[in-house]
Structure formats: C-alpha cells, structure tokens
Amino acid sequence: MSRRLRMWILAVGALGFAALFCAACPRLPAFGGDSHPYGERAVRAALAHRTANVVAAVNFDQRAFDTLGEESILFASVLGTVVLLRQTREEREVPPAPARVPLPVRRYALLLLPVALVVGLYVVAHGQLSPGGGFQGGVVVATALHLLYIGADYRALERVRPVGVYEIGDAAGEGAYLVLGLAGLVAGSSFLANTVIGYGTFNTLASGGIVPLLNMTVGMEVACAVVVLLARFLDQAVEIEEESGR
Amino acid sequence: MTDTLLLISLCAVAATATAAVLVRDPARQALVLSVLGLALAVLFTVLQAPDVALSQLAVGSALTPLLILLSVRKVRRRGRREEDGR
C-alpha cells in the first residue's frame, strides 16, 4: 500500500470519527453535574445491601458477572503468557550471579517491603468500605514482594516465591469466585446473587453480604496472577538463555 | 480551586503523554510511562474517582513499566550474545 493511499484512509477514518464524535457530544450530560441518574440508582442499591463503598457494590454486587469476565480475562492472559514464555528445548537456565546492591537501596527496599505488603492487604480487606479492593490491593501485594528483588537479588526472591504455589492460588481464586456465584444459585435466587449470607452492619468489615468474600477471591487471584506473570518475565530476563551453537 | 487543580492535572497528563510518545528509547519510555501513570492517578483523584486512581497507580506506574524494563533487558541480552558469537 502506497503512502498516499494510507494517508487517504487515515483521513477518511479521522473525518468519520470527528463527525460521529461531534454528533454524540451535544447529547452528553454536562461535565461535573451533581446529579446523575445511574449514580443515584447505584448508591441506592449499594445502601440497600449495606455496602459503604459504592464502587465495590457495583463491581461485586450489581455487576458481579462483569467482574467475573474481567477476572477471567486476567486469568486467561496470564495462562497465555505462561505458555508463551515457557523454557523451550533450545534454551537453558543459567543461574544469575548474586548482584551487588548499594546499601541505601537495600535498606530502603527491605524497610518498605513489609509496609507495602501490609498496605496491599489492608486495601484488599477494606475493599467494601474504602476506595480500593481486590484488584488494586492484589497488585500492590504482588509488586511489594518484588522489592526483595530490588533489595537483595533474584535468588532471594525465588526462595520466598515458589511459583507453583502461586499458580495454584491463581486458579483457586478464580474457582472460588465461581463457587460463590453458584452458592447464590443453590440458595434459590440466581448466579452471583447477593442473597447467600446476611448483609451485616453498615460500615464494618462484615458488611455487604458476599461483596467482601468476592473481593477476597479477586484479591487472591490478582496477587497470584501478577506474581506468576512477573515470575515468567523475570525468568526470561534473568535466567533463561538460548543454547549456543544452534 | 477545583477547576484550577483539574486544569493543572489535565495539562500534566497531556504533557507526559506527549513525552511518552516522543521519547524513543524503550527503557526511558518505561520511566516516562510511570510518570504518566502518576499524572493520570492525580487526575482521577481530582475527578473524585479514587478507586480508578489506585488501579492506575498500581498498574500504570508500577507493573507496566516493570514489564517493559524486563522485556528490554531480555532483548538487549540476546543482542549482546549474538554480538559475542560473531
């Protein structure tokens, strides 16, 4: 395709987008208004199930099925990465030499590790009460573990991070979400319905029915998935080398 | 006050996003991407979406740059080996 033709296609696409975008804009609600029909309904539904964080109520109660889809996307993409980045026959594992870490880096990384870990667990545990939740907290927990790679070296990280356990945790988190959904079905209403257990007291850890439980399973799945994902990338970047002479 | 904050954070997002496109070295790009993630997190916080801001901070500022840096390291290592082999 010549450059001229490509520019023409780009121009047609850009003009079409501009026309549709301009046509859509007048129908949008005004920026930053105080009333929003969907927002009001979502807040009412969240309060009815005694969930303080409305976003968590939307994610794990009103739109729990969407979250299952999102969780499965992460699960499937990590599975795909594991398959693609596996050690092939032409590659061999070379244990990396211990790295010299400057003392300040080591000190701050090891100091921050427990703090980041606790923050991550806090964000997971309080998903139904304050901003955050399983996804955000899970990523924080997983990246916090990797401060060990910065503060010490790859072998120290490998010692506290048996990848097999995290692979099982990833699958268990995904499975537990499905089981909780089926529990709703067994309890007599519908898949992922928030009717299995009581709603608890508003604004306490035990509130929102199955919202905190689903939140925990997502936290477990995301933390394990990110650890497995980073492990595969780290293996490729640090350990695995192509066999020479082929 | 809120409008000023909003304007500042929008400009920061635009500036860092442009910088992320203009920087051509992938390793530097990862660092600029991390700053862009931070600017986006600030913008989401100003727009009262702390949940999204947290996700952005965790994924955009920490995870994505890390994955890019690891990929760059792998590619560079392979390049170095091929040069040695010649």
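Predicted model: local features only at pLDDT ≥ 70, side-chain atom pairs only at ≥ 80, totals over all residues.
**Exercise 1. The fold of chain B**

Describe the fold of chain B, and say whether it is spread out or compact.

Solution. 
- Step 1: Count the elements. Chain B has three helices and zero strands.
- Step 2: Read along the sequence. The pattern is α-α-α.
- Step 3: For chain B it is 17 Å, while the globule rule gives 12 Å for 86 residues, so chain B is more spread out than a compact globule.
- Step 4: Look at the axes. The C-alpha trace of chain B spans about 60 × 25 × 10 Å.
- Step 5: Check burial. Of the 86 residues, 22% count as buried.
- Step 6: Check the contacts with a separation of 6 or more. In chain B, 49% of them join residues 24 or more positions apart.

**Exercise 2. Where the chains meet**

How many residues of chain B are in contact with chain A?

Solution. 
- Step 1: Count both sides. 14 residues of chain B are in contact with 16 residues of chain A.
- Step 2: Sort the chain B side. Eight are nonpolar, two are polar and four are charged.

**Exercise 3. The largest nonpolar core**

Which residues touch the most other members of the largest nonpolar core?

Solution. 
- Step 1: The core has 56 residues, and A225(A), V226(A) and V227(A) touch the most other members.
- Step 2: Find the largest share. Helix 10 of chain A gives 19 residues.
- Step 3: Zoom in on V226(A). Beyond four places in sequence, V226(A) touches G138(A), V139(A), A142(A) and L63(B).
- Step 4: UniProt's "transmembrane region" spans in chain A (unreviewed entry) include residues 209-231. Residues 209-231 of chain A are 91% helix, with end C-alpha atoms 35 Å apart.

**Exercise 4. A glutamate in helix 9**

Is E174(A) buried or exposed?

Solution. 
- Step 1: Locate E174(A). It lies in helix 9 of chain A.
- Step 2: Count its surroundings. There are 21 other C-beta atoms within 10 Å of E174(A). The cut-off for buried is 20 or more, so E174(A) is buried.
- Step 3: List its contacts. Leaving aside neighbours within four places, E174(A) is in contact with E71(A), S72(A), F75(A) and E221(A).
- Step 4: Take F75(A). E174(A) and F75(A) are 99 residues apart in sequence, yet 7.5 Å apart in space, C-alpha to C-alpha.

**Exercise 5. Confidence in chain A**

Where in chain A is confidence lowest, and where is it highest?

Solution. 
- Step 1: Take the average. The mean pLDDT of chain A is 90, and 99% of its residues reach 70 or more.
- Step 2: Strand 2 (residues 240-242) of chain A is lowest, at a mean of 80. Helix 1 (residues 3-24) of chain A is highest, at 95.

Terms used
Residues numbered from 1 in each chain as written. Chains lettered and ligands numbered in written order. Helix = DSSP H or I, 4+ residues; strand = E, 2+ residues; numbered from the N terminus. Rg over C-alpha atoms; globule rule 2.2 N^0.38 Å. Buried ≥ 20, exposed ≤ 12 C-beta atoms within 10 Å, placed from the backbone. Contact = placed C-beta atoms within 7 Å. UniProt positions renumbered as here; feature names shortened; annotations may be inferred. Nonpolar A, V, L, I, M, F, W, Y, C, P; charged D, E, K, R; others polar. Core = buried A, V, L, I, M, F, W, Y, C linked by C-beta atoms within 7 Å. pLDDT = per-residue confidence, 0-100.
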